[in-house]
Structures are given as C-alpha cells and as structure tokens.
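Here is a briefing on aromatic rings and the charges over them. Look at the ring pairs as you read.

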Amino acid sequence: QLQLVESGGGLVQPGGSLRLSCVASGFTFENYWMRWYRQVPGKEREMVAGISRTSRSTPYLADVKGRFTISRDNANSTLFLQMNSLKPEDTAVYYCARVEPDSGRVDYWGQGIQVTVSS
C-alpha cells in the first residue's frame with residue numbers, strides 16, 4: 001500500500017528551525033520527483049520545494065529560498081525539508097507529495113503536518 005508519512009512538525013519561535021521528514025512506502029521512491037507543499041486556511045496549496053530523482057535539481061518557492069533545504073535519502077525512501085530562520089508567515093500545514101513522471105502533476109499526497117511559528 002502506497003504511503004507518505006510526514007513527521008517533525010510542531011511549534012517553534014520565529015528565527016528557529018525545524019526538520020520535516022516524509023517516509024515513503026509502497027513504491028520505488030528513487031524513481032520519482034518529490035515535492036513539499038504547504039497550505040493555510042482560505043488559501044491555495046503552494047509548492048515550497050521540489051527535488052529530482054538524483055537530487056540534482058531542487059527548485060524552491062522564492063520566499064523560502066536560502067532558508068529551506070530539500071533533500072532525499074533514496075536508500076531509506078525518505079524526503080526531508082530543513083527549515084531555518086522560520087517566520088510567522090511560514091505557519092501552515094506541510095504536505096509531502098509524489099510527482100507523476102509523465103504529467104509532472106502530484107498523484108499522491110501525505111496526510112500533512114502542522115508547522116506553527118509563533119512567540
């Protein structure tokens with residue numbers, strides 16, 4: 001059964017750091033691009049970062065570039081998002097997502113994890 005399970009969210013003060021993890025199962029992880037998205041109530045889900053199969057390409061949302069780093073461990077089927085210098089506006093539910101190779105669209109989502117940046 002295909003699964004994407006996020007962990008590592010929580011409450012952090014402005015300027016702090018968090019590391020999100022997403023453990024994948026039920027498919028050959030190394031064959032897929034992966035992405036992190038986030039969503040706040042009343043707004044559309046937005047792509048935060050993506051990573052190619054070999055980690056060679058890592059596009060980022062402009063607002064997080066230089067603060068967030070996406071990475072992957074293909075041997076352990078795990079996706080990461082290191083978030084530094086967090087701001088209150090980074091508060092959102094963060095989702096791990098698998099990208100369908102032919103269309104470039106997301107074909108499977110994790111359940112999401114809350115990240116709250118507040119003093």
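Predicted model: local features only at pLDDT ≥ 70, side-chain atom pairs only at ≥ 80, totals over all residues.

Residues are numbered from 1 along each chain as its sequence is written, and side-chain values use heavy atoms, without hydrogens and water.

**Ring pairs**
- The structure holds four aromatic pairs. Rings of Phe, Tyr and Trp (its six-membered ring) pair if their centres lie within 6.5 Å; planes under 30 degrees apart are stacked, over 60 edge-to-face, and the rest tilted.
- Tyr37 and Trp109 have ring centres 4.8 Å apart and planes at 70°, so they pair edge-to-face.
- Tyr37 sits in strand β4 (residues 34-39) and Trp109 in strand β9 (residues 106-109), so this pair ties together parts 72 residues apart in sequence. Strands (E, at least two residues) are DSSP runs, numbered from the N terminus.
- Tyr95 and Trp109 are also edge-to-face, with centres 6.2 Å apart and planes at 80°.
- Tyr95 belongs to strand β8 (residues 92-99), so its pair with Trp109 in strand β9 joins parts 14 residues apart in sequence.
- Ring pairs also link Phe27, Phe29 and Tyr32 into a cluster.

**Burial**
- Tyr37 is buried, at 11% relative accessible area. Tyr95 is buried too, at 13%.
- Trp109 is partly exposed, at 33%.
- Buried means under 20% relative accessible area, exposed over 50%, and partly exposed in between (1.4 Å probe, protein chains only).

**Charges over rings**
- Arg45 lies over the face of Tyr95, 3.7 Å from the ring centre.
- Arg19 lies over the face of Phe80, at 4.0 Å from the ring centre.
- The criterion is NZ of Lys or CZ of Arg within 6 Å of the ring centre and within 35 degrees of the ring normal.

How values were computed: Helix = DSSP H or I, 4+ residues; strand = E, 2+ residues; numbered from the N terminus.
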